[in-house]
Amino acid sequence: MTVDRQDLPAPPIGDLLAAELRELAPVATRRPWRDVAAVTAAAATSIAVLVVTLAVRRDLDALPRAWLIGYGGAWLAGFALLAWLSLVPRAGAVVPRWLPAAVGAGLAAVGFVAAGLTFDRTTALSLVYAPTTANHLLRAAACAGLGTITALVPMLLGARLLRGAVPVGGAAIGSGLGAACGAAGGFLLHLHCPITHPIHLGVGHGGAVLICALLGALLVPVLARIR
Amino acid sequence: MSGGGPADESGTDAELMRRYVGGEAEAFRQLYARLAPRLLGYLLRMVRDRAAAEDLVQVTFLKVHRARAAYVRGADPGPWIFAIAHRSFLDDVRGKRRARVGLADDGEPPEVSADITGATDGVRAAADDQRELTQATLAALQTLPPMQREAVALTKLGGKSIAEAAEIAGTTPGAMKVRVHRGYEALRKALGAAAATEEST
């Protein structure tokens with residue numbers, strides 16, 4: 001069963017479009033790697049401002065160096081990978097890779113929660129609290145909130161830079177961008193929060209990635225849509 | 001559609017887009033002349049109504065114009081522009097809250113006007129039964145759910161690959177393959193049922 005195709009004659013250009021064309025001016029087009037650099041700069045600024053404002057964790061010097069660098073490196077690698085997937089399309093395309101971005105966001109959210117629950121290290125200088133459910137929830141909510149605040153500016157900037165570039169897959173790309181910025185928030189918590197309980201690291205710090213991924217999935221389709 | 005679209009004396013779609021974002025209105029007109037017929041064909045199969053499809057072509061190009069800063073130099077603009085058309089169609093459907101199930105108020109499949117059959121001159125000159133089959137196919141197409149209709153329109157009628165159609169519709173190639181298969185099977189059944197009804201009468 002086949003139906004032959006025929007290219008129909010182009011409809012005439014409408015008045016509104018013709019009017020806009022009369023005022024056509026050159027525009028600077030999107031440069032994805034520059035967008036990655038801008039979002040990275042925004043994330044670094046957010047982290048720096050909050051670290052300076054809130055102070056570095058008190059047990060920083062006492063923590064095992066390998067754990068500190070390895071865990072911090074994982075946060076930064078998560079940010080870099082997800083920002084690349086969410087903002088840089090494959091060669092020859094305009095729309096970023098929405099499916100890998102969404103899959104990456106899911107894996108990052110699960111991975112950072114699992115890593116927090118698994119790879120905890122503590123010292124005599126770390127902050128220890130009574131491990132009740134209420135305490136866990138309260139502390140986790142505070143840290144997840146701080147991680148989300150850290151992520152907000154780079155996430156909004158990334159969404160703005162994507163305006164017009166994601167007619168489809170906006171929520172998927174938004175989840176990737178959100179998770180990337182959530183990983184930046186996780187890095188801030190890694191530098192600031194002296195709590196080392198595995199539930200806190202998993203739910204509070206890893207949870208920031210999940211919250212930001214969901215936030216990105218909601219915000220990016222709205223902020224990046226073509227007006 | 002890779003490689004920046006078709007090339008002729010005016011250059012590839014990517015080259016036209018580069019000149020257009022550089023401020024050349026003539027490059028836009030050439031790009032429009034090249035892409036608007038393909039978009040119109042795609043949208044006609046989705047909305048059934050020529051005026052509505054032409055409106056959506058205008059809306060699509062207006063959006064392309066307003067979002068041209070989002071273009072990445074060197075990229076093929078085709079899939080992006082088709083994806084904008086796809087989004088415009090969805091917004092139109094949601095905005096007007098119209099159920100496009102393909103049946104007229106009297107419950108009959110809609111008549112398909114000759115200019116949306118996609119038939120070439122050769123086909124028009126061919127036997128009546130071939131024309132009837134084409135019309136029956138397109139009428140049956142309108143009875144499919146929108147996503148299956150779009151999948152069939154993009155691939156079987158629009159000549160796009162599964163990967164290209166998936167990119168335009170914002171879905172995975174696997175999901176697109178399933179939609180095409182289901183749509184194709186539904187079309188086959190619909191045409192088979194129509195033929196059986198015709199034979200019994």
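Which loop of chain B holds R48(B)? The points below cover this residue and other features of the model, which is a predicted one.

1. **R48(B).** R48(B) sits in the loop between α2 (25–47) and α3 (50–66) of chain B. Its phi is near 70 degrees, a positive value in a residue other than glycine. Most residues other than glycine have a negative phi. R48(B) counts as partly exposed because its relative accessible area, 28%, falls between the 20% and 50% cut-offs.

2. **A55(A).** Chain A also has a positive phi to note. A55(A) is not a glycine, yet its phi is about 85 degrees. The residue lies in the loop between α2 (32–54) and α3 (65–87) of chain A. Is A55(A) buried or partly exposed? A55(A) is partly exposed, at a relative accessible area of 39%.

3. **Extent of the interface.** Chain A gives 41 residues to the contact, and chain B gives 60 residues. Together the two chains bury about 4,400 Å². Of that area, 65% is on carbon and sulfur atoms. The rule finds 15 residue pairs in polar contact across the interface of chain A and chain B, with both residues at pLDDT 80 or more. On chain A, helices α1 (15–22) and α4 (98–118) each supply at least two residues of the side that touches chain B. The largest share of that side comes from α1(A), with four residues. By class, the side of chain A that touches chain B has 27 nonpolar, five polar and nine charged residues.

4. **Salt bridges between the chains.** How many salt bridges are counted between chain A and chain B? The count is three. In one of them, the side chains of E20(A) and R66(B) meet at 2.5 Å, N to O. Another salt bridge joins R225(A) and D91(B), at 3.2 Å, N to O. That pair crosses between chains. R225(A) is in the segment after α7 (198–223) of chain A. D91(B) is in helix α4 (residues 77–96) of chain B.

5. **The R225(A) network.** R225(A), K63(B) and D91(B) are linked in a network of salt bridges. R225(A) is partly exposed, with a relative accessible area of 39%. D91(B), at 21% relative accessibility, also counts as partly exposed.

6. **Salt bridges within a chain.** Over all chains the count comes to 10 salt bridges. Side chains of opposite charge can pair when their charged atoms come close. In chain A, R30(A) and D35(A) meet in a salt bridge of 3.0 Å, N to O. Both R30(A) and D35(A) are buried. In chain B, R19(B) forms a salt bridge with E24(B), and the closest N and O atoms are 3.0 Å apart. E24(B) is partly exposed, with a relative accessible area of 36%.

7. D13(B) is in helix α1 (residues 13–21) of chain B. D13(B) has a relative accessible area of 1%, so it counts as buried under the 20% cut-off. Which residue's side chain does the side chain of D13(B) join in a polar contact? The partner is R34(B), at 2.7 Å.

8. **The largest nonpolar core.** In soluble globular proteins, nonpolar side chains tend to be buried together. Here the largest nonpolar core has 104 residues. Those that touch the most other members are F79(A), M17(B), L43(B), V57(B), F61(B), Y71(B) and W80(B). Helix α2(B) gives the most to this core, with 14 residues.

9. **F79(A) and the second core.** Leaving aside residues up to four places away in sequence, F79(A) touches V39(A), T40(A), A43(A), A180(A), C181(A), A183(A) and A184(A). There is also a second, separate core, of eight residues. Among them are A140(B), V152(B), L157(B) and L191(B).

Key:
Residues are numbered from 1 along each chain as its sequence is written. Chains are lettered from A and ligands numbered from 1 in the order in which they are written. Side-chain values use heavy atoms; hydrogens and water are left out. Contact means heavy atoms within 4.5 Å. Buried area is the accessible area (1.4 Å probe) that two parts lose on being put together, summed over both. A salt bridge is a side-chain nitrogen of Lys or Arg within 4 Å of a carboxyl oxygen of Asp or Glu. A polar contact is a pair of N or O atoms within 3.5 Å; within protein, one must be able to donate a hydrogen and the other to accept it, and residues adjacent in sequence count only if both atoms are side-chain atoms. Ala, Val, Leu, Ile, Met, Phe, Trp, Tyr, Cys and Pro count as nonpolar, Asp, Glu, Lys and Arg as charged, and the others, Gly among them, as polar. Buried means under 20% relative accessible area, exposed over 50%, partly exposed in between (1.4 Å probe, protein chains only). A nonpolar core is a set of buried Ala, Val, Leu, Ile, Met, Phe, Trp, Tyr and Cys residues joined through side-chain atoms within 4.5 Å.
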